[in-house]
Amino acid sequence: MRVYLVIMDETEEAATALRFAASRAQRTGGMVHLLALVPRQQFVAFGGIQATIEEEARARAEALVTSAAGSLMGGTGKPPVIAVKQGEGVAVIRDYLTEHPEVSALVLGAASNGGPGPLVSHFTGAAGQLPCPLYVIPAGLSEAAIERLS
């Protein structure tokens with residue numbers, strides 16, 4: 001079974017990458033893994049405040065992937081695997097790929113304007129060292145283009 005790993009955040013490009021991965025999974029009989037990243041917070045002298053900030057960020061990420069998972073259920077019929085991990089994005093994604101050898105492709109979204117984000121920049125530069133193919137999906141793709149390309 002093909003597994004498409006999508007890195008979720010609140011951006012338009014992540015939503016487009018998710019639609020592409022869901023369409024691709026439906027066509028190939030595969031499934032989608034959703035990974036939300038929670039960055040480590042800057043050190044705050046009062047530990048309770050830092051813990052609260054981290055918990056709020058985690059709750060926001062969990063709500064985001066849960067919402068994305070709900071939208072997927074209508075299209076693929078298969079529930080996605082949901083993960084929320086804290087840490088530096090590149091390291092978390094590499095660890096996830098190592099822990100989940102069933103992942104068939106890493107699907108990232110690219111912004112429709114401006115330069116590539118840090119994940120796209122890193123993973124396109126290291127694509128030959130990944131255990132799976134990398135798909136970079138432009139944020140501006142229409143639904144018709146997503147269907148045609150997936």
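Student: What are the ground rules here?
Tutor: Residues are numbered from 1 along each chain as its sequence is written, and side-chain values use heavy atoms, with hydrogens and water left out. The model is predicted, so local features need pLDDT of at least 70 and side-chain atom pairs count only at pLDDT 80 or more, while totals for chains, interfaces and linings use all residues.

Student: Why is Thr16 called buried?
Tutor: Buried means under 20% relative accessible area, exposed over 50%, partly exposed in between (1.4 Å probe, protein chains only). Thr16 has 1%, so the label is buried. Thr16 sits in helix α1 (residues 12-28).

Student: Are Phe20 and Tyr135 buried or partly exposed?
Tutor: Phe20 has 7%, so Phe20 is buried. Tyr135 has 23%, so Tyr135 counts as partly exposed.

Student: Why is the pair of Phe20 and Tyr135 called edge-to-face?
Tutor: Rings of Phe, Tyr and Trp (its six-membered ring) pair if their centres lie within 6.5 Å; planes under 30 degrees apart count as stacked, over 60 as edge-to-face and the rest as tilted. By this rule there are two aromatic pairs. In the pair of Phe20 and Tyr135, the centres are 5.6 Å apart and the planes stand at 85°, so the pair is edge-to-face. Phe20 lies in α1 and Tyr135 in strand β5 (residues 134-138), so the pair ties together parts 115 residues apart in sequence. Tyr4, Phe20 and Tyr135 form one aromatic cluster.

Student: What puts the buried residues of α3 on the same side?
Tutor: In α3 (residues 89-99), the buried residues are Gly89, Val90, Val92, Ile93, Tyr96 and Leu97. They cover an arc of only 165° around the axis, so they lie on the same side of α3. The arc is taken from the directions from the helix axis to the C-beta atoms. These residues pack against elements including β1 (3-8) and α4 (118-125).

Terms used
Helices (H or I, at least four residues) and strands (E, at least two) are DSSP runs, numbered from the N terminus. Contact means heavy atoms within 4.5 Å.
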